[in-house]
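Good morning, and thank you for coming. Please look at the structure on the screen while I go through a few of its features.

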Amino acid sequence: MRNNSRFWVFNAPLKERLSLAELLRGDLLALLLIIVYMLLLAPYSLNFIFYMPDERHYADAAMYMLKHGGYLSPINPDGGYRFLKPIFTYWVVLASYALFGISEFSTRFPFLLAAGMVIWLTYRTTLLAFKSRETALLALLIVGATPLLHRSTPLALTDLLFLLFLQLIIYGTVGLLVSADRKPRFFWYLYAGAGMAVMTKGLPAVVFLCVALLYLVANPWKRSQLIALLHFPAMIAGLVFGVFWYVAIFFMHGPEAVFSFWNDQVGIRVSDKLLQIARNLLLSVVVIVLMMFPFMLTGWRSLFYQLNLKKNGKVLVVFGFALVWLLAMIGMASFVSKFYYRYFIPVLPVLAMAMAWLIWSVGQKSGTLKMLRVGLIIAFTLLLLVNLSGFFVARLFYAPTWYYAVFSCTILVSFCLFLKNGRKSILHQSILIYCFMAGIFFCLYFVIQPISSPTNGQQIAQKLEELNISSNDSIQFFGHTRIASNFRVVTKGEYFLKAYKIEESKVKSETRIVIVPDNFVEELNLDNFDLVPASYVWAEISPNEIWKVKSRKEFLELKKKRSDIYYIGIRKSSKKD
């Protein structure tokens, strides 16, 4: 019979610890929860309705690599090299294109998968740290319920891949802190993970590796001799992973390539203005407090009731590492010239791990269940409001509405079942919070989809097909680079067009086709072109106008009337019969 003492996981004999069957059950439940997360985030993630401008760099360069090679030198559509970011994220998108073809799905899918792997590693790291399946599952639920992770999951950027490799550093560090015997695998996680993180994000990975090593050497609970942290095979592998690309571009393109990377990492990122540093510090605290809603309040409340925390060195050594990791992130974020909430993604796993232990070890004391219940009610209310918003948007825009009713019924049934059976269980409440918070982003897709679909790139591609214009024609694209990138992906890289800026370019004499927004038409002097509307980008539509619409046909006419338009222009002198 298992000892129910709060510190059973550290004080019990080996034979009383978790059995293989218990661990297997926990792993299967963890995998099921991760699948649920990925399914709920899939509609929001795997399309370009929410498309961030910086994603175009990775999509465009990967398309070019797939068609022309040059796998070490990312290229922009204008033909210039882009060495501002390390190579690994480009390779990930490239691999997805090679496996699945060029599409919105294949651009985003690796990052949805990376989010699932981050959640899994959070579960495994917490299990390693505390030997408690329940605590590990709670950490999984906390990190998977975080809006910061939800918002970052669909973005084809470096952030999630960087977090994944940082999680390997965290796992290796925790293993060296809590395990009696220092197995080689922990060194491989530590150093190889650091090397991959450097190849993904650059210098910030070196800072986090130094933080981990310094903590292993200097912490007061389980100090390590520096020589004991040397594992040459893992260190060499990490070094090769970390420096290979930087050395390669140095010899291929000269020191200017490495200098452009250094300037992006340090030169334009670091601020020396005291007021800005103070503002960033304040923003860092706000982001930390808000990013794990609604678990944060419960976790910090539990801290004040955790009387035995200071009595257990194995718990303190993990909490100390989480605190040092968090302070390192705050320090780096405070000195940036431009603050982004995404900078705090690296602290999600360690905070979730510490918070899960606090909540689970306190149990029903200090009103933990009541605080979780408040968080659950808030999450439930937000989800229901977003879902109802989607229903009304669909009604206004004459889109299908049946799935909103089905989803609302599912939410209500889940909540009623909880009220009947799960009110006294921390894990039951946490699972519902996890599902409801991910469900908010599931619903957000259906709120925006009637307004934003089809995307501009899809509309332009469809019109080109209708006009029988091929990629072999001489085409110039004027307008937003984000829309140009969307268009390239939709056409599977067939139209790999440079996006010209109005102030620096004119229509070339050999150009037969132009794609241009309405506000550029007069400035470009397109009298020699027949203009055909190709894409409508919503500008401003007053609520009164929407309420007056009586049919979908009227709605589409209103959308055309109140939108910025992209035109396809066909040169008159070369117009096909």
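Helices α8 and α9 cross in a left-handed manner. This is a predicted model, and in it α8 covers residues 159-178 while α9 covers residues 184-200. Their axes lie 7 Å apart, and the helices pack at an angle of about 155 degrees. An angle over 145 degrees counts as roughly antiparallel, and α8 and α9 are therefore roughly antiparallel to each other.

Which residues in α8 meet residues in α9? On the α8 side they include L161, F162, F165, L168 and I169. On the α9 side they include F186, F187, Y189, L190 and M196. Glycines take part as well, among them G172 and G175 in α8 and G193 in α9. Sorted by class, the contact between α8 and α9 comprises 14 nonpolar, five polar and one charged residues.

Let me turn to a second pair of helices. Helix α5 spans residues 104-130, and helix α16 spans residues 348-362. Their axes come within 10 Å and cross at roughly 50 degrees. That angle makes α5 oblique to α16. The crossing of α5 past α16 is right-handed. From α5, the residues T122, T125, T126, A129 and F130 take part, and they meet P349, A352, M353 and W357 of α16. By class, this contact of α5 with α16 holds six nonpolar, three polar and no charged residues.

The next element is helix α21, residues 481-490. Why is α21 described as largely enclosed by the rest of the structure? The reason is that seven of its 10 residues are buried. Those buried residues are I483, A484, S485, N486, F487, R488 and V489. After α21 comes K492, in the loop between α21 and β2, the strand at 499-500. K492 is not a glycine, yet its phi is positive, at about 60 degrees.

N468 also has a positive phi of about 60 degrees, although it is not a glycine. Where is N468 found? It sits in the loop between α20 (456-466) and β1 (475-478). With a relative accessible area of 59%, N468 is exposed.

Another loop residue deserves a moment. P220 lies between α10 (203-218) and α11 (232-253). Is P220 buried or exposed? Its relative accessible area is 56%, so P220 is exposed. P220 and V317 are 97 residues apart in sequence, but their C-alpha atoms are 8.0 Å apart in space.

Finally, let us consider the whole protein. Its secondary structure comes to 24 helices and five strands. Of the 577 residues, 56% are buried. Among contacts between residues at least 6 apart in sequence, 78% join residues at least 24 apart.

A word about confidence is also needed. The average pLDDT of the protein is 80, and 80% of the residues score at least 70. How many contacts beyond four places in sequence does the model have for residues 1-18? It has 37, and pLDDT stays under 50 over that stretch.

To close, I return to the two helix pairs: α8 and α9 cross in a left-handed way, and α5 passes α16 in a right-handed crossing. Thank you for your attention.

Conventions
Residues are numbered from 1 along each chain as its sequence is written. This is a predicted model: local features need pLDDT of at least 70, side-chain atom pairs count only at pLDDT 80 or more; totals for chains, interfaces and linings use all residues. Side-chain values use heavy atoms; hydrogens and water are left out. Buried means under 20% relative accessible area, exposed over 50%, partly exposed in between (1.4 Å probe, protein chains only). Helices (H or I, at least four residues) and strands (E, at least two) are DSSP runs, numbered from the N terminus. pLDDT is the predictor's confidence in each residue, from 0 to 100. Contact means heavy atoms within 4.5 Å. Axes are lines fitted to C-alpha atoms, for helices over the stretch in contact, and angles run from 0 to 180 degrees between N-to-C directions. Angles under 35 degrees count as roughly parallel, over 145 as roughly antiparallel, 65 to 115 as roughly perpendicular and the rest as oblique. A crossing is left-handed if the near helix is turned anticlockwise from the far one by less than a right angle, and right-handed if clockwise. Ala, Val, Leu, Ile, Met, Phe, Trp, Tyr, Cys and Pro count as nonpolar, Asp, Glu, Lys and Arg as charged, and the others, Gly among them, as polar.
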